[in-house]
Amino acid sequence: MAEIRYDRIPVHDAGGMIIHLPVVDIGPSPPVMAIVAGIHGDEPSPLCLIDRFVLAVRDLPLTGGIRILAAANPPALLQRARWSNWDDEDMNRVGDGSGGPALTRRLAEAVCEAVTGCKVCVNLHNFIMRTPLLAIQPPGLSPERQARHRAYIHALDPHVVWVFGSGPTDQHAFSTSLDAAMEARGVDSFAVEMADLPELDEPLLARGIAGLLRLAAQLGIAPDAERSPKRNAVYVRRQLMRSPGAGIFEAIAPLGGTVEEGEIVGELVPMERPGDRVLIRATASGWLIQRLGRRFVRPGDMIASIGIPLEATP
Ligand SMILES: [Zn+2]
């Protein structure tokens, strides 16, 4: 039975209100594996996965520690917004905070400090689109790190692996992320995405829990039991599709199925022209790896993404 300790790290005195970073430590010190969630305040699904993971892992004889930061950005979480309006900074775009005084930057620094020394950090997020368990393979890693990432992702066994391109745009997008800041501190770090809370189903949770337990076993801190059949993840580049207008998106193509470029993925019921539906066509051929359910959308909102098999990309 692993010991669970709930603690909190003081980060900032915001005019008499002390902001803390909540920390959960499971098993013996020092921590070897870290799990971070709540970087974005409107992404509650990871809390559900973490809760189930803690219930599963507490009965195991751990030989190394697991550190969990389930609410990495308390002001944004309390506002249920991607970022807090105290400083309007995206916590996933300020690296390790760079010593900045803004609260989001102080919290980013505290997160980086808290995971430093761990071998690996899994950074959990969710999309508003229906999303399977989706791991992100970052760009620009050395061959050794890339090999370690592949092994971790293999243990996690997600449905889909989104492989970042190595072009300047992708490199830049990753370079400002919290994951890049943790990588710079020697922590192998990767992001994992899932569905939003109303669409977070039991099979996805079960796969996530089994994956995290398998990762802990691979790191040598948990017993190496065979957990649920492993399936083959698909490795893809991701092409995002956005809504051309405002209205209600109605899905047609099934999530996870293959689509051909030009095939109808869904329809938009335009706010200003009911009865005059706009067809939404796939912008590439591949797997429909993410897709909204019926949702009210604004122009430019994410409605779907297509996973283009790696061998089909230049
Ligand atoms: Zn996020």
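This is a predicted model: local features need pLDDT of at least 70, side-chain atom pairs count only at pLDDT 80 or more; totals for chains, interfaces and linings use all residues.

Mentor: Residues are numbered from 1 along each chain as its sequence is written, and side-chain values use heavy atoms, with hydrogens and water left out.

Trainee: Which protein atoms are the donors of the zinc ion?

Mentor: Donors are N, O and S atoms within 2.8 Å of the metal (3.2 Å for Na, K and Ca), and sites may look incomplete because water is not among the atoms. Here the protein donors lie 2.1 to 2.3 Å from the zinc ion, and they are His40 (ND1), Glu43 (OE), Glu43 (OE) and His125 (ND1).

Trainee: Is the site of the zinc ion tetrahedral or irregular?

Mentor: Four donors count as tetrahedral if all angles lie between 85 and 135 degrees; four count as square planar and six as octahedral if opposite donors are over 155 degrees apart and all others between 65 and 115, and anything else is irregular. The angles among the 4 donor atoms run from 58 to 146 degrees, and the site is irregular.

Trainee: How many residues apart in sequence are the parts that His40 and His125 tie together?

Mentor: Along the chain, the donors of the zinc ion follow the spacing H-x2-E-x81-H. Helices (H or I, at least four residues) and strands (E, at least two) are DSSP runs, numbered from the N terminus. His40 lies in the loop between β3 (31–37) and α1 (45–57), while His125 lies in strand β5 (residues 120–126), so the pair ties together parts whose separation in sequence is 85 residues.

Trainee: Is His40 buried or exposed?

Mentor: Buried means under 20% relative accessible area, exposed over 50%, and partly exposed in between (1.4 Å probe, protein chains only). His125 has a relative accessible area of 3% and is buried. For His40 the value is 2%, so His40 is buried.

Trainee: Which residues does Leu178 touch, not counting those up to four places away in sequence?

Mentor: Leu178 is found in helix α6 (residues 178–184), and at 0% relative accessibility it counts as buried. With contact meaning heavy atoms within 4.5 Å, Leu178 touches Ile39, Met91, Asn92, Gly95, Ala108, Val111 and Cys112.

Trainee: What is the omega of the cis peptide bond that joins Ser29 and Pro30?

Mentor: Pro30 lies in the loop between β2 (17–26) and β3. For the cis bond joining Ser29 to Pro30, omega is about -5 degrees.

Trainee: What is the phi of Arg80?

Mentor: Arg80 is found in the loop between α2 (74–79) and α3 (103–115), and it is exposed, with a relative accessible area of 70%. Although Arg80 is not a glycine, its phi is positive, at about 50 degrees.
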